[in-house]
Amino acid sequence: MPSEHVDSDESHRTAHRTPGNVGRSMIGEDIALTLKIIVAGGFGAGKTTLVGSVSEIRPLHSEETLSESGRDRDDTDGVERKTTTTVAMDFGRITVHSGLSLYLFGTPGQDRFRFLWDELCEGALAAIVLADTRRLEDCFAAVDHFERRRIPFVVAVNRFPGAPDHTEHDVERALDLDPGTPVVPCDARDRASGKEVLIRTVEYAGRMHTARLLAAFG
């Protein structure tokens, strides 16, 4: 679809705008701000679902049928019903309010596509790590990646039927998160729930970037 290609191209051009563009210019003109948010997590955690549920445009997906060789990998345990996998990225867009839009980039979940993460994360303000409490260990790679790159992130616990009902503290301890890293419950299928996660992510990232800026001048 031509419109989807335009949106994707535009996202790469605007993803490098800094948080300093927020608000109004010195002469009082409104500034349209776009922010890049990464949606990561293990295979089958709900990344494609989350991007699709909140996007106001038709989301761009790069899903392919899961091959038998892919099924033979350990990362399909617990999600045997999943028949497709993201091989490049998911892309969507949501306008949070007038003048502020979020471009969402979902990473591929399988280990063999992890080489794409660095490029997808370029220029990102923040990230969401989707967690499935049946397979919390699948979050380790994403958590380590964002901590190393100093990208603020929240952990969104996607509630699957029959999954262990761990508390936020349980998840924080299991993933060995830095103090203050938000852990929020969500339903990736529900637009309102997904939007709440995005708002929490932007708010947390704003606090983190402000604190780092102040520390640099400290």
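Mentor: What follows covers the sheet, a helix on it, and the nonpolar cores. This is a predicted model, in which local features need pLDDT of at least 70 and side-chain atom pairs count only at pLDDT 80 or more, while totals for chains, interfaces and linings use all residues. Residues are numbered from 1 along each chain as its sequence is written, and side-chain values use heavy atoms, with hydrogens and water left out.

The open sheet has six strands in the order E4-E5-E1-E6-E7-E8, with mixed pairing; helices (H or I, at least four residues) and strands (E, at least two) are DSSP runs numbered from the N terminus, and two strands pair if DSSP finds at least two bridges between them. Strand E4 (90-97) and strand E8 (183-186) are at the edges with a single partner strand each, so one side of each has no neighbour in the sheet. Strand E1 (residues 33-41) runs parallel to strand E6 (residues 126-131), joined by five bridges; Gly41 has Leu130 in E6 as its bridge partner.

Helix H2 (residues 47-54) packs on this sheet, touching E1, E4, strand E5 (100-106) and E6, where contact means heavy atoms within 4.5 Å. Six of the eight residues of H2 are buried, so the helix is largely enclosed by the rest of the structure; buried means under 20% relative accessible area, exposed over 50%, partly exposed in between (1.4 Å probe, protein chains only). The buried residues of H2 include Leu50 and Val51.

The largest nonpolar core has 27 residues, of which Ile38, Val129, Phe146, Phe153 and Val155 touch the most other members; such a core is a set of buried Ala, Val, Leu, Ile, Met, Phe, Trp, Tyr and Cys residues joined through side-chain atoms within 4.5 Å. Apart from it lies another core, of 26 residues, including Leu50 and Ile94.

Key
Axes are lines fitted to C-alpha atoms, for helices over the stretch in contact, and angles run from 0 to 180 degrees between N-to-C directions.
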